[in-house]
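Work through the exercises below with the sequence and the 3D structure open. Try each task before reading its solution.

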Amino acid sequence: MPFLNPYADAPTLPEGEEIDPRTLFEDRARPIEIEIGPGRGTFILERLAAVPEARMLGLEIRRKWASIVDERLRARGFGGRGRVLAEDARHALPRLKTGTASAAFIHFPDPWWKKRHQKRLVASVSLLEQLARVLVPGGELFFQTDVEERAEQFEQRVNTVPLFVPVRPGPRVAENPYSAMSTRERRAVADGLPIVRLRYTRAL
């Protein structure tokens with residue numbers, strides 16, 4: 001008997017070479033926020049609960065968690081303001097319309113340490129260039145990690161994208177100002193681990 005993938009019908013972006021992600025939500029005039037790799041969706045759920053005007057799109061490569069969290073958003077009444085789609089951000093971002101997002105979040109990415117795995121890193125220069133294109137002028141980019149090496153890599157890569165400007169006196173900031181925490185951030189705080197937070201704006 002053939003194996004049936006219970007997540008074969010995980011939600012994905014509509015067909016097309018250029019997609020306006022705002023059309024996925026009830027309020028189609030407002031720029032959205034993007035979380036890359038939302039995992040179990042804790043940040044998106046807390047952000048939508050805390051900020052009624054927020055519209056959030058999660059790009060999650062794991063079909064299982066995209067399906068589960070997208071359904072969870074609907075069950076909690078956030079379906080009109082939040083979606084999580086089974087998409088690899090590296091392939092999805094180039095399809096999103098320019099200037100349609102007001103913020104982008106990357107929380108604790110890339111658990112790849114061996115040299116041969118470096119090509120799998122999410123926060124590549126090409127991905128950052130795509131984020132700069134999709135963000136509106138003045139839009140925000142927020143990155144968190146509890147691994148100093150990852151923070152240094154991210155800083156080096158962002159520095160090659162002229163459209164990203166560190167917040168003053170940053171880019172390193174002490175606090176998460178977004179009224180929501182990812183599962184990993186909450187665990188790191190509980191364990192007393194140092195968290196590096198980097199915040200940038202998209203140049204006007």
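The model is predicted, so local features need pLDDT of at least 70 and side-chain atom pairs count only at pLDDT 80 or more, while totals for chains, interfaces and linings use all residues. Residues are numbered from 1 along each chain as its sequence is written, and side-chain values use heavy atoms, with hydrogens and water left out.

**Exercise 1. Buried charges**

Task: Find the nearest side chain of opposite charge for Glu 35 and for Arg 150.

Solution: 
Step 1. Lys and Arg count as positive and Asp and Glu as negative, while His and the chain ends are not counted. A salt bridge is a side-chain nitrogen of Lys or Arg within 4 Å of a carboxyl oxygen of Asp or Glu. Buried means under 20% relative accessible area, exposed over 50%, and partly exposed in between, with a 1.4 Å probe and protein chains only.
Step 2. Locate Glu 35 in strand E1, residues 32-36. Helices (H or I, at least four residues) and strands (E, at least two) are DSSP runs, numbered from the N terminus.
Step 3. Glu 35 is buried and has no salt bridge; Arg 47 is the nearest side chain of opposite charge, at 9.1 Å. Beyond four places in sequence, the contacts of Glu 35 include Phe 43, Met 56, Phe 105 and His 107, where contact means heavy atoms within 4.5 Å.
Step 4. Arg 150 belongs to helix H5, residues 148-158. Arg 150 is also buried without a salt bridge, and Glu 149 is its nearest side chain of opposite charge, 4.4 Å away.
Step 5. Look for another polar partner. The side chain of Arg 150 makes a polar contact of 2.8 Å with the side chain of Gln 153. A polar contact is a pair of N or O atoms within 3.5 Å; within protein, one must be able to donate a hydrogen and the other to accept it, and residues adjacent in sequence count only if both atoms are side-chain atoms.

**Exercise 2. Salt bridges**

Task: How many salt bridges are there, and where do Glu 71 and Arg 74 lie?

Solution: 
Step 1. The count comes to 15 salt bridges.
Step 2. One of them joins Asp 20 and Arg 22, with the closest N and O atoms 2.7 Å apart. Both Asp 20 and Arg 22 are buried.
Step 3. Another joins Glu 71 and Arg 74, at 2.6 Å from N to O. Both lie in helix H2 (residues 63-75), three residues apart, about one turn of the helix. An α-helix has 3.6 residues a turn, so residues three or four places apart point the same way.
Step 4. Glu 71 counts as partly exposed because its relative accessibility is 40%, and Arg 74 counts as partly exposed because its value is 44%.
Step 5. Arg 172 forms a salt bridge with Glu 155, the closest N and O atoms being 2.7 Å apart. This pair links distant parts of the chain, 17 residues apart: Arg 172 is in strand E7 (residues 172-173) and Glu 155 in helix H5.

**Exercise 3. Nonpolar cores**

Solution: 
Step 1. A nonpolar core is a set of buried Ala, Val, Leu, Ile, Met, Phe, Trp, Tyr and Cys residues joined through side-chain atoms within 4.5 Å.
Step 2. The largest nonpolar core has 34 residues, and Leu 131 and Phe 154 are among those with the most contacts inside it.
Step 3. H4 gives the most to this core, with five residues.
Step 4. Within helix H4 (residues 125-134), the buried residues are Leu 127, Leu 128, Leu 131, Ala 132 and Val 134. Down the axis of H4 they fall within an arc of 165 degrees, so they line one face of the helix. The arc is that of the directions from the helix axis to the C-beta atoms.

**Exercise 4. Backbone angles**

Task: Which peptide bonds are cis, and what is phi of Phe 108?

Solution: 
Step 1. Most residues other than glycine have a negative phi, and most peptide bonds are trans.
Step 2. The bond from Arg 168 to Pro 169 is cis, with omega near -10 degrees. The bond joining Gly 170 and Pro 171 is cis too, with omega about 15 degrees.
Step 3. Pro 169 is in the loop between strand E6 (164-166) and E7.
Step 4. Phi of Phe 108 is near 50 degrees, a positive value in a residue other than glycine. Phe 108 is in the loop between E4 and H4, and counts as buried because its relative accessibility is 15%.
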